[in-house]
Structure formats: C-alpha cells, structure tokens
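These are my notebook entries on a structure that I looked up. The sequence and the coordinates come before the notes.

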Amino acid sequence: MNNHYQLLIIGGGPAGLAAATVATSHGISCALLDEQPAPGGQIYRSIESAPEQRAKKLGSEYQHGQDLVAEFRKCDADYFPRTQVWSLNAQLEVGILHDDKSKIISADQILVASGAMERPVPFPGWTLPGVMQAGAGQILFKSAGVIPSDGVVLAGSGPLLLLLAWQYINCGVDIKAILDVTPFSNYLLSLPKLPRALLAHHYLTKGLVYQKDLTLAGVSTKFGVSNIKAEGDDLLQSVRYRHFGREHTIETDLLLTHFGVIPHIWLTQAAGCEHQWDSSQQCWRPQHDQWGNTSIEGIIVAGDGAGINGARSAEHAGRLAGLQALFALGILTPAERDKQSVNVRKWMQDERHIRPFLESYFAIPQTILATDDNDTIVCRCEEITAGQIREAVKNGHHSSNDVKFMTRCGMGPCQGRQCANAVAHIVADAGGQAVSLTSHYRGRPPVTPLTLEQLATLSKEDA
Amino acid sequence: MFKQLTNNQIETVEVILNGQKVQVPQGTTVAAMALTQGLRFTRTTPVSNSKRAPFCMMGVCYDCLMSIDGKANQRACATYVQNGMKIETQQGVGSALGDGSGE
Ligand code: FES
C-alpha cells in the first residue's frame with residue numbers, strides 16, 4: 001500500500017466500485033479500501049462466491065452485481081479488502097487498519113462511499129437475543145447461505161421487508177407472519193407521488209409480484225399493525241402486536257425488523273463535513289452538490305452514504321463522482337467531464353422517479369420513531385432508556401449532544417450509531433422542536449474502537 | 001433458530017466454540033457460525049448482565065462482541081472463522097474494551 005494516492009475510495013459497494021472503474025480508465029493512482037473480504041458492499045455481498053443456486057434465490061437485483069464487480073476486478077485500482085477506516089480529516093488524511101496494523105495515508109481526492117445501514121428503531125424488547133434487523137437476515141443469507149430454521153416473524157415497513165420475505169419463501173422458510181406497520185394514511189399521502197413513480201414502474205411491478213408470490217405461498221401479512229413488542233425473560237419467546245384494536249401474540253424465537261435504511265455518516269461527520277436533516281428520508285446526510293462534492297474540498301460522497309437512493313442509483317452516482325475526481329485532478333476539462341456524464345445523469349434521473357413515492361409510502365410514523373414507552377432501552381450499549389432521555393430534555397437539554405453528555409447515551413462501543421437517530425427524534429418530541437434542530441452527535445476519530453496494540457503500530461511507523 | 005444451506009463445494013475448518021469442536025464452512029463469520037450452532041446469546045452486557053446476540057451483522061451495532069483467541073470485544077460478525085480459532089461467549093466487559101490483553 002502506498003502512502004499517497006491520487007484518488008482514495010472508501011467502500012466497496014456499487015458507488016465505490018463504479019467510481020474506481022471510471023477513474024482508473026484514465027490512468028490515475030487509485031486505491032479502494034473495503035471493510036469486507038470481497039467487493040460488492042452489503043447489497044451485493046459475497047456476489048463472487050455465492051453458489052449459483054443461492055444467487056438465483058436472492059433474485060435478479062442481486063445478480064446484477066456480478067457484472068459490476070467483474071468490471072471492477074479488471075480495472076487498475078489497488079484493492080484492499082478487510083481494511084477498516086477509522087478516521088478521515090479535512091487535510092485528506094485517512095487512518096486505516098489493515099492486517100491488524102494502523103497506518104495513515106493521504107490522497108488528493110477522497111470518495112466516501114460508505115453506504116447505508118438499517119435505521120435502528122427502539123421498541124420494547126428490541127435488545128432481546130432473537131430480535132435482529134432484516135438486513136442482518138439478508139447478510140446471513142447472502143454471505144453464508146444461513147436462513148431461519150424454525151420460522152420467523154418479519155415486522156416493520158419498507159421494500160426490504162418484502163424482498164427478504166420473498167427470498168425466504170424461495171427456500172422454504174416458514175414465515176409465521178409479516179407485521180406491516182405502514183400506517184394506512186401513508187397510502188393516501190403518497191398518492192400524489194404515484195404518477196412520477198409510474199415512470200419507474202418496473203419497481204412497482206416487482207413489488208406486486210413479490211406480494212402475489214407471498215400470498216400464493218400462504219404467508220399471512222397483517223397491514224396496519226402497531227405497538228410491536230418483543231417478549232421473553234432473557235431471550236425472545238414471542239412477539240406481541242396490535243391489529244385493528246386487538247392485541248395478538250405469536251410465539252417465535254426469531255423476529256427480524258426493518259424500518260428503512262439511513263446513510264452511514266460516521267466518517268463524513270468525523271471529517272467535519274456539513275450535514276443536514278433530510279425530512280423526506282427521515283435521516284441526517286452529508287450536504288453535497290450534484291457531483292457529490294461535500295463542504296470540504298477534496299472529499300466527495302456517492303451512493304447511499306450521501307442520501308438513500310438505492311443500489312442502481314449508487315452505481316451512477318459513483319460514476320459521476322469518478323468523473324468529478326478526474327476533473328479535480330486536472331485530467332478532464334469541465335467540458336469533458338460534463339459530456340461524459342450526460343447519459344449517466346439521465347439514467348440516474350430515471351432511477352430516482354420512484355424515490356419520492358417510496359419515501360412517502362414507507363415513511364415511518366413519528367409515534368414509532370420517538371417511542372413514548374419510557375422503559376424502552378434506546379442506547380443499546382449503555383442501556384439508557386427513553387425515559388432517561390425525556391428526563392434530560394425536561395431538565396433543559398435540547399440537543400442530542402447535551403443529552404449524550406448528561407446520560408452517557410451514545411458513549412458505548414457503537415459510538416451512537418444505533419441511537420443517534422432515535423435520540424434526535426425523542427429529543428425533538430419531548431422538547432416540542434423540529435428534529436433538524438436537535439443536532440447530530442459530533443463524530444470523533446477513531447470512529448471504530450482501536451486497541452492500544454493497534455494504535456502502537458501507528459506510532460512505530462511514524463517514528 | 002438458523003440453519004446453513006448445504007454447500008458441498010466449500011471446505012470446512014474446525015473452530016472451538018465454548019470448548020466444543022465445531023466444523024464450519026470456510027468464509028463464514030464467527031457470528032453466523034455461532035447462530036447456526038444454536039448459540040442463543042453471544043455475550044452479556046457490562047451494565048445489567050443482560051443477554052445479547054448479533055443484531056445488525058454488518059459491524060455497526062457492536063452487540064456481537066465475543067472473546068476470540070483470548071481477545072475480548074471482537075465483533076463476531078466482522079471476524080471470519082479460521083482453523084483452530086477459539087471463540088467464547090463474552091461475559092460483561094471481558095477485558096477493558098479492546099485492549100487485547102485477554103491472553
Ligand atoms: S452484529 Fe452488529 S456489529 Fe456485529
């Protein structure tokens with residue numbers, strides 16, 4: 001690994017891979033750092049190694065990753081799998097951990113393609129073993145062919161829930177129920193966005209096909225569910241929910257939940273890039289222009305880490321970011337960059353027709369985002385409850401950072417990744433203010449915990 | 001809770017999970033292995049001694065911390081099985097967070 005590259009790409013998902021392929025076609029020095037052992041990101045995880053059978057059951061959208069990864073493998077980028085990035089700063093220096101050794105490298109341009117993570121939404125019992133995120137179920141399936149053995153309950157809202165259910169019935173998993181918490185009012189509220197979504201009707205058709213296959217397979221989907229609770233003494237035993245005013249219980253040792261996805265912003269936060277609250281996507285995301293340039297010169301973002309637009313869009317945004325990097329490096333003139341981006345931009349626009357509809361149809365209700373159950377744990381690491389957060393707000397603390405300082409919420413090993421959003425919602429709700437005013441936790445390096453031994457390797461190399 | 005679809009093309013490695021020898025396909029994460037072995041929880045919390053298991057499987061929740069080859073606080077979902085690896089359910093803090101002095 002060199003100490004300096006013209007372009008450094010962080011993340012091996014669709015955005016990072018596409019950017020690397022475009023940028024290296026102009027002969028620059030480029031490295032791609034990937035936490036995973038192989039390219040593809042979470043969306044195309046294990047795409048090179050998954051047996052054909054498994055890839056088929058995961059569906060055509062998954063298999064699309066094959067070409068993308070194959071093209072990347074052919075390009076000249078230096079690929080560093082199993083590499084963690086633990087810091088990024090405005091001087092365009094990156095702290096990495098590779099082979100258990102830390103190192104600082106620098107670049108002229110840095111593309112952060114950090115992707116998305118599941119939106120963590122606290123509800124009673126969500127810390128019990130047996131409760132997992134739907135994305136976790138998908139990762140187990142993609143990377144290891146691991147599927148539920150004794151049935152599963154799926155709960156929440158969003159396209160991934162439907163997709164996962166469909167993938168599971170393809171291999172005979174017993175889905176005990178799908179508990180859909182999408183409020184009926186969303187159907188009406190999203191109607192005005194439907195005409196534009198019809199321009200990307202293949203997504204809608206696909207959703208309908210999944211739904212039909214699930215019905216044919218005899219899977220029971222309950223729409224308009226609320227008050228989901230995971231119950232059990234110290235392990236999950238059952239799921240309780242309300243449906244049309246009545247309480248129901250299903251026995252299960254596995255509950256997979258999904259409440260949409262949010263950008264993974266810990267690196268851009270640590271670097272000090274400006275972020276904003278996106279009320280339509282219900283998340284924080286880095287501010288950026290149409291090329292992905294952030295508020296810090298030389299740091300570009302692309303893909304779901306820049307704002308949620310899905311895998312195909314991420315690929316296009318990655319290409320644009322690659323072209324932008326080439327322009328910033330003085331390799332392309334503005335005219336050349338613009339010319340090469342015309343088609344990409346058009347494809348990306350086509351992809352995005354569906355987004356406003358999806359965002360509004362699958363918007364998670366405030367009552368779920370800001371739980372009013374005071375006993376529910378919000379910070380999984382420090383075990384801080386919603387009640388403690390509301391108490392801190394009552395005592396005059398109206399920003400997430402103040403609440404963090406007062407309660408230790410967000411100070412555990414995950415560094416707030418699992419509670420930042422929920423805390424913002426609860427602070428806003430309790431204080432009667434807009435979520436955008438609650439401020440996001442300040443990010444500080446290292447963004448992943450490092451051991452003293454790992455840090456020691458850094459000072460040795462520097463000496 | 002979970003099972004692994006059979007894949008005969010893949011070689012297996014032997015790891016030791018809480019003292020028991022286990023054969024696992026190569027390329028499996030420690031977390032996936034623990035779940036398919038029927039381990040219902042992989043650690044207890046330092047704050048209240050509650051049981052926890054992997055939650056996100058993508059390295060962001062830190063709920064899958066286990067003791068691996070004597071080092072506490074390793075993310076089981078971001079660690080891949082290797083021949084002879086010793087994996088243990090972590091009790092509480094383990095050793096101080098990630099100071100790696102568990103040997
Ligand atoms: S399961 Fe979330 S970090 Fe491993």
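Among contacts in chain A between residues at least 6 apart in sequence, what percentage join residues at least 24 apart? I found 68% for chain A, where a contact means heavy atoms within 4.5 Å.

I note that this is a predicted model, in which local features need pLDDT of at least 70, side-chain atom pairs count only at pLDDT 80 or more, and totals for chains, interfaces and linings use all residues. Residues are numbered from 1 along each chain as its sequence is written, chains are lettered from A and ligands numbered from 1 in the order in which they are written, and side-chain values use heavy atoms, without hydrogens and water.

**Fold and dimensions.** I looked up the secondary structure of chain A and found 18 helices and 22 strands; these are DSSP runs (helices H or I, at least four residues; strands E, at least two), numbered from the N terminus. The C-alpha trace of chain A spans about 65 × 50 × 40 Å along its principal axes.

**Burial.** I recorded that 59% of the 463 residues of chain A count as buried (under 20% relative accessible area, 1.4 Å probe, protein chains only).

**Cysteines.** I found 0 disulfides over all chains, a disulfide being a pair of cysteine sulfur atoms within 2.5 Å. The closest cysteine sulfur to that of A:C273 is in A:C283, 16 Å away, which is too far for a bond. A:C273 counts as buried because its relative accessibility is 6%.

Key: Buried < 20%, exposed > 50% of the residue type's maximum accessible area, 1.4 Å probe, protein only.
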